[in-house]
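Welcome! Here is a short briefing to read alongside the sequence and the 3D view.

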Amino acid sequence: MRVRGRLSVVTVGCKANFADSAAILAHAARAGFEVVGDGAPADVLVINSCTVTRRADRDCRALARRLRRAHPGAVLVMTGCFAETTPEARASVPEVDHWLGIREPSGLPLLLRFLAGNAPPPDEELSDFAAARLLGHSRVFLKVQDGCDAACAYCVVPKARGAGRSLPRREVVERAVRAERDGAREIVLTGIHTGRYGADRGDRDGLAGLVEGLLQATSGCRFRLGSVEPLEISSALVSLLSKEGRLCPHLHVPLQGGSDRVLLRMRRPYTARQYRERLDLLAAEVPGIRLGADVIAGFPGETRDDFEETMRLIRDTPLSYLHAFPYSPRAGTESAGWTDDVSAAEKTRRVARLREADVAMRREYLGKQVGKTLVAAASARDPKTGEMRGTTENYAEAVFRAAIAARGDLIPVRIDAVRGEHLEGTAV
Ligand code: SF4
């Protein structure tokens with residue numbers, strides 16, 4: 001099959017996938033495609049997929065069906081973590097024309113060149129900033145690391161993404177400098193196991209060293225860290241978060257469970273107490289920092305008492321939001337074969353309790369922002385109300401009145417009120 005023309009990418013899943021999608025667009029432009037935004041008519045559609053939960057699998061299958069119906073003549077390519085799945089799972093999505101595993105780095109350029117036929121090469125490379133714009137993002141997602149060497153009992157990601165590997169520090173810095181020069185005002189450092197940045201290269205300064213290098217090499221953009229495992233929050237990282245105004249005071253620290261018994265069974269390398277101590281330290285050293293966590297409800301063998309321990313830990317820890325998921329067994333993982341699964345009804349009940357706690361925590365945190373001036377990265381203007389939307393340095397969504405603001409600009413906003421899940425304010 002030979003096609004050429006327009007290509008777009010639809011992304012499911014985490015921030016690392018957003019960064020991969022930007023890279024796919026850059027490869028596509030190099031192969032001669034006209035890259036277009038999600039939703040535009042396209043000749044080739046790439047789904048950058050996720051398989052972290054059973055629900056993510058379902059979403060990817062449904063997306064393939066929907067895109068096939070909407071674009072009957074387009075070539076449909078599936079890449080990302082779901083594409084690393086079993087042959088049976090691939091067979092359940094007959095709408096897909098080409099599967100592309102994410103562990104074959106040369107596969108993507110080859111496939112794209114093949115699909116592009118004899119399209120002429122572009123005049124200019126597609127930069128990280130331009131790709132982010134095409135994906136509808138106001139921020140650049142820069143993937144500094146991929147893969148994972150941990151072996152959490154429930155997690156299929158190391159199987160899908162392979163061993164941990166980091167981008168050389170010089171390359172990360174060059175890309176950030178270029179993104180800043182092109183106009184990026186916020187760069188999000190993503191990865192699968194970002195806290196292990198540099199470990200595979202014998203880089204002893206790790207993530208903190210990388211952040212320091214980035215801050216030295218740039219001057220106008222701010223940086224945000226994605227997810228960092230609790231034991232990988234080094235004192236150097238805490239110190240950077242407390243002193244550097246251009247490093248956003250926000251960190252996602254996966255918890256997964258709050259009972260030591262369950263954490264041990266999950267093969268998570270910390271205790272509930274260690275988790276709490278790390279977060280207490282962050283809250284003390286970085287006043288106002290926004291801290292969030294993932295929590296799995298109903299891991300095999302999780303008793304009601306275990307779950308209550310998780311709820312207590314959450315109450316006692318300076319978290320301000322949660323991502324709660326019901327446990328679902330993933331083929332090929334250690335816990336998939338365990339038979340002491342928690343009933344579906346009980347998982348639903350526990351997730352509902354976690355989500356209630358999440359709503360209360362968010363409300364409390366947002367309430368404390370009223371009266372402050374925060375700096376929002378503007379994302380879009382509401383055509384009906386004329387109000388701007390944006391994400392503040394402490395990861396709150398803000399809606400604000402601003403006469404002049406373009407997507408991506410950093411706008412100081414005085415916070416006047418909380419409206420639902422958002423902050424409301426006025427540009428100052
Ligand atoms: S640290 Fe654990 S949960 Fe995170 S990607 Fe690695 S194996 Fe999965």
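## A guided look at the model

In β4, Gly-80 is the bridge partner of Ser-49. This is a predicted model, and that pair is a handy place to start. From there, the notes below go through the sheets, a helix, a cysteine and the ligand.

**The five-stranded sheet**

- Strands β3 and β4 pair in the parallel sense, over six bridges.
- Helix α1 packs on the sheet, where it touches β1, β2, β3 and β4. The direction of α1 makes about 170 degrees with that of β1.
- The sheet is open and has five strands, in the order β2-β1-β3-β4-β5, with parallel pairing.
- At its edges are β2 (34-35) and β5, each of which pairs on one side only.

**Helix α4**

- Helix α4 covers residues 107-116 and is mostly covered, with seven of its ten residues buried.
- Those buried residues are Gly-107, Leu-108, Pro-109, Leu-111, Leu-112, Leu-115 and Ala-116.
- What do the buried residues of α4 pack against? Their partners are the strands β1 (6-11), β3 (44-49), β4 (75-80) and β5 (98-99), together with α1 (15-31).
- Gly-117 follows α4, and its phi is positive, near 60 degrees.

- You can find Cys-50 in the loop between β3 and α2 (54-70).
- Is Cys-50 buried or exposed? Cys-50 counts as buried because its relative accessibility is 11%, and the cut-off for buried is under 20%.
- Leaving aside neighbours within four places in sequence, Cys-50 is in contact with Val-12, Gly-13, Asn-17, Ala-56, Asp-57, Cys-60, Cys-81 and Phe-82.
- Ala-83 is 33 residues from Cys-50 in sequence, while the C-alpha to C-alpha separation of the two is 8.3 Å.

**Strands β9 and β10**

- Strand β9 (residues 186-190) runs parallel to β10, and four bridges join the two.
- Between β9 and β10 the chain passes through helix α8 (residues 206-217), making a right-handed β-α-β crossover.
- Strand β10 (residues 222-225) is covered on both faces. Arg-222 and Arg-224 are buried on one side, and Phe-223 and Leu-225 are buried on the other.

**The three-stranded sheet**

- Another open sheet has three strands in the order β11-β12-β13, and its pairing is parallel.
- Its edge strands are β11 (250-252) and β13 (321-326), and each pairs on one side only.
- On average, neighbouring strands of this sheet are turned by 15 degrees against each other, direction ignored.
- Three bridges link β11 with β12 (residues 290-297) in the parallel sense, and Leu-251 stands opposite Leu-291 in β12.
- Between β12 and β13, which also run parallel, there are six bridges. Here Ala-293 stands opposite Leu-322 in β13.
- Together with helix α12 (residues 304-316), β12 and β13 make a right-handed β-α-β unit.

**Around the ligand**

- Which residues surround the ligand? They are Cys-148, Ala-150, Cys-152, Tyr-154, Cys-155, Val-157, Pro-158, Ile-192, His-193, Glu-229 and Arg-268.
- By type, this shell divides into eight nonpolar residues, one polar and two charged.

Note on methods
Residues numbered from 1 in each chain as written. Predicted model: local features only at pLDDT ≥ 70, side-chain atom pairs only at ≥ 80, totals over all residues. Heavy atoms only, no water. Near = heavy atom within 4 Å. Nonpolar A, V, L, I, M, F, W, Y, C, P; charged D, E, K, R; others polar. Pairing = 2+ DSSP bridges. Axes fitted to C-alpha atoms, helices over the stretch in contact; angles between N-to-C directions. Buried < 20%, exposed > 50% of the residue type's maximum accessible area, 1.4 Å probe, protein only. Contact = heavy atoms within 4.5 Å. Right-handed = clockwise from strand over helix to strand, strands pointing away.
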